[in-house]
Amino acid sequence: MTEIGHMVTTRGKAKCNFIEWRQFTIVYKRYASLYFVVCVDKNDNEILAMELIHQFVEVLDSYFGNVCELDLIFNFDKAHYMLDELILGGSIQETSKREIVRVMKQQDDIEQKIVDERKQGKGKKKKNMGISQGFF
């Protein structure tokens, strides 16, 4: 990982976004301060890998609204879920950005519902505990 990170970040901007590395090809794209890197077999289509990176960044932008480093740091799980919706078993599963964002919003709604139910459950539990403790 360190070797690949160093190769990508120190590479000149005038050079192409493909690097031959061992028996693989490293495909990368820089968006502002973020680097997205994919490692593919030498016989895989590098342009398709670039399109995959671009699609992932567009999904992240749609969900977070102009994605930045902090979005990925504090919401790594959500970024991973989005990538999981986009790719399955090394192949593109879903090409619609809207569909991926819709699924993520559904997941957020379910998560919020669980959090709200837990808060309500704790409030009831505390009330009951206060009443029963007063009798002892």
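Are Y31 and F36 buried or exposed? In this predicted model, Y31 is buried, and F36 is buried as well. A search of the whole structure finds 4 aromatic pairs, and one of them joins these two residues: the ring centres of Y31 and F36 lie 6.0 Å apart with their planes at 75°, so the arrangement is edge-to-face, since planes over 60 degrees apart are counted in that way. F36 also forms an aromatic pair with F56, which is again edge-to-face, with 6.0 Å from centre to centre and 85° between the planes. Because F36 belongs to strand 3 and F56 to helix 2, this pair ties together parts of the chain that are 20 residues apart in sequence. F36 counts as buried because its relative accessibility is 10%, and F56 counts as buried because its own value is 11%, the cut-off for this class being under 20%. Through these ring pairs, Y31, F36 and F56 are linked into a cluster.

Charged side chains were examined next. Side chains of opposite charge can pair when their charged atoms come close, and the count in this model comes to 5 salt bridges. One of them is formed by K42 and E20, whose closest N and O atoms are 2.8 Å apart. K42 lies in the loop between strand 3 (34-41) and helix 2 (46-64), whereas E20 lies in strand 1 (residues 18-21), so the pair ties together parts that are 22 residues apart in sequence. K42 has a relative accessibility of 42% and therefore counts as partly exposed, while E20, at 51%, counts as exposed.

A salt bridge is also formed by K78 and D108, the closest N and O atoms being 2.8 Å apart. This pair links distant parts of the chain, with K78 in helix 4 (residues 76-86) and D108 in helix 5 (residues 97-135), 30 residues apart. Both K78 and D108 are buried. K78 is also listed among the buried residues of helix 4, which are K78, A79, M82 and L86. These residues cover an arc of only 100° around the axis, which means that they are on the same side of helix 4.

Because E99 and R102 are 3 residues apart in helix 5, about one helical turn separates them. An α-helix has 3.6 residues a turn, so residues three or four places apart point the same way. E99 counts as partly exposed at 28% relative accessibility, and R102 is likewise partly exposed, with a relative accessible area of 39%.

What is found around D71, which is buried yet has no salt bridge? D71 is placed in helix 3 (residues 69-74), and the nearest side chain of opposite charge, that of K78, is 10 Å away. A salt bridge requires the nitrogen and oxygen atoms to be within 4 Å, and D71 has none. The side chain of D71 does, however, reach the backbone nitrogen of C68 at 3.0 Å. When residues up to four places away in sequence are not counted, D71 touches F64, N66 and F76.

Key
Residues numbered from 1 in each chain as written. Predicted model: local features only at pLDDT ≥ 70, side-chain atom pairs only at ≥ 80, totals over all residues. Heavy atoms only, no water. Helix = DSSP H or I, 4+ residues; strand = E, 2+ residues; numbered from the N terminus. Buried < 20%, exposed > 50% of the residue type's maximum accessible area, 1.4 Å probe, protein only. Lys, Arg positive; Asp, Glu negative; His and termini not counted. Polar contact = N/O pair within 3.5 Å; in protein donor to acceptor, adjacent residues only side chain to side chain. Contact = heavy atoms within 4.5 Å. Arc of directions from axis to C-beta. Phe/Tyr/Trp six-rings, centres within 6.5 Å; stacked < 30°, edge-to-face > 60°.
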